[in-house]
Amino acid sequence: PGADPAVIALQFEGVDHVTVTPAGELVLKMGDGELRQRAPSVYQVVAGVRRKISGGYRLRAGGTIGFEVGAYDRRLPLIIDPVFDYSTYFGGNGNDAALAVRVDANGDVYIAGQTLSTSFAFGVPTNVFQRSFRGGSINGDAFVAKLDSSGNRLIYFTYIGSPGEDGALDLAIDAAGNAYITGFTDSSGFPMSNALFPTIHGTVDPNLGLYPNDVFVAELNTNGSALVFSTYFGGSSTDVGSGIAVDPAGYVYVCGYTYSLDLPTDTNSFQWYLVGSDDAFVAKFSPGGTNLVYASYLGGYGTDEAQGIAADSQGCAYVTGYTVSSGFPITTNAWQPNFNNNTNGVTGFDAFVTKLGPFGSNLVYSTYLGGILTDYGYRI
């Protein structure tokens, strides 16, 4: 009460141009895209009733943004709120973690993760691939869900799980609305379909009855009712899929990290052998998962883990993650050719950014990205 809203100022860095529409919406232009903030909700509560006040964003001198506010009672609090299109919980009777989110051209929202819930208040639809929780007491089952653009209708929800521990760590969507998922599983009973590698790798632990984690790569059809393909990928030790992408031609790219000496690489791969205790890896599958185009390690003598991957229309893969290796594969044209050691003698991680050619046999470029402390790359 009594405060002046004109003193509120916002400033945005890293944008090319800032405009305000006649409706009071804020438009931030960045390259070929834009970020649009709807006009805020301005109101007062008078005698227990919410009263709307006219208002919106206002462009001020020096490129800062303020608020345009209509007449109101200055003796009462004035509320200027951002506008939510929607916000919702999503979970059941156990622990639920959404670890990836994507949006398609229609604005429909896809989420993937892991869940220990055996039931949900909304009820699992009957026409989905897997209606029932299958097991796991730590991570539970992987899941994929799709919400419509309004956020108030569930199009589908499906488990994708085994009697062991499973989790989906990343998700990609193609132009048709098929969902591509990668993550980890420690079970020989993970659902397979048209699998290039139908059997889990490694040897079961005689005490725990579990296999070392293997990567899984799967494609779910547009209505969540069936797997187009699902396959294991890995070697005899622990392997985890952290990132997945699909290019316009339908090729599927997966990255992660591995402790295995025997990933299905060949001598044409950029790096066909494990160097450190664990290395990052990159793999490319043909559309429908019918063929492995390439698989390559990517690492030095320390710990290296890939976390995020993207692909372009030329079939190149872009990978980020983090490394503690001073010998990580770096190209001669690297923006940051040297690993940054911590000045206090404690070695931290650097992020890395790497581009592989379409057949995985060469690095177009690869660079460290970090300062004197620890830096991680997660998505690209």
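**Close-up views of a predicted model**

**View 1. The largest pocket.** In this predicted model, the largest pocket has a volume of about 150 Å³. Its lining consists of Arg 102, Val 103, Leu 171, Ala 172, Ile 173, Ile 244, Ala 245, Val 246, Gly 308, Ile 309, Arg 379 and Ile 380. Two or more lining residues come from each of strand S9 (96-103), strand S13 (166-173), strand S17 (239-246) and strand S21 (304-311). By type, the lining residues of the largest pocket are nine nonpolar, one polar and two charged.

**View 2. The aromatic pair Phe 233 and Phe 285**. The structure holds 24 aromatic pairs. In the edge-to-face pair of Phe 233 and Phe 285, the centre-to-centre distance is 5.9 Å and the angle between the planes is 80°. Phe 233 belongs to strand S16 (residues 227-233) and Phe 285 to strand S19 (residues 279-285), so the pair ties together parts 52 residues apart in sequence. Both Phe 233 and Phe 285 are buried.

**View 3. The aromatic pair Tyr 322 and Phe 349**. The ring centres of Tyr 322 and Phe 349 are 5.3 Å apart with the planes at 80°, so the pair is edge-to-face. Because Tyr 322 lies in strand S22 (residues 317-323) and Phe 349 in the loop between S22 and strand S23 (350-356), the pair ties together parts 27 residues apart in sequence. Tyr 322 counts as buried, at 11% relative accessibility, whereas Phe 349, at 21%, counts as partly exposed.

**View 4. An aromatic cluster**. One cluster is formed by Phe 90, Phe 120, Phe 122, Phe 133, Phe 143, Phe 157 and Tyr 159.

**View 5. Charges over rings**. Arg 50 has its charged end over the ring of Tyr 43, 3.7 Å from the ring centre. Lys 284 lies over the face of Tyr 251, 5.0 Å from the ring centre.

Definitions and conventions:
Residues are numbered from 1 along each chain as its sequence is written. This is a predicted model: local features need pLDDT of at least 70, side-chain atom pairs count only at pLDDT 80 or more; totals for chains, interfaces and linings use all residues. Side-chain values use heavy atoms; hydrogens and water are left out. On a 1 Å grid over the protein atoms alone, a cavity is a set of points where a 1.4 Å probe fits but cannot get out, and a pocket is an open set with protein on both sides within 12 Å along at least five of seven lines; lining residues have an atom within 4 Å of a point. Grid points are joined across faces, edges and corners, and a volume is the space filled by probe spheres set on the points. Helices (H or I, at least four residues) and strands (E, at least two) are DSSP runs, numbered from the N terminus. Ala, Val, Leu, Ile, Met, Phe, Trp, Tyr, Cys and Pro count as nonpolar, Asp, Glu, Lys and Arg as charged, and the others, Gly among them, as polar. Rings of Phe, Tyr and Trp (its six-membered ring) pair if their centres lie within 6.5 Å; planes under 30 degrees apart count as stacked, over 60 as edge-to-face and the rest as tilted. Buried means under 20% relative accessible area, exposed over 50%, partly exposed in between (1.4 Å probe, protein chains only). A charge sits over a ring if NZ of Lys or CZ of Arg is within 6 Å of the ring centre and within 35 degrees of the ring normal.
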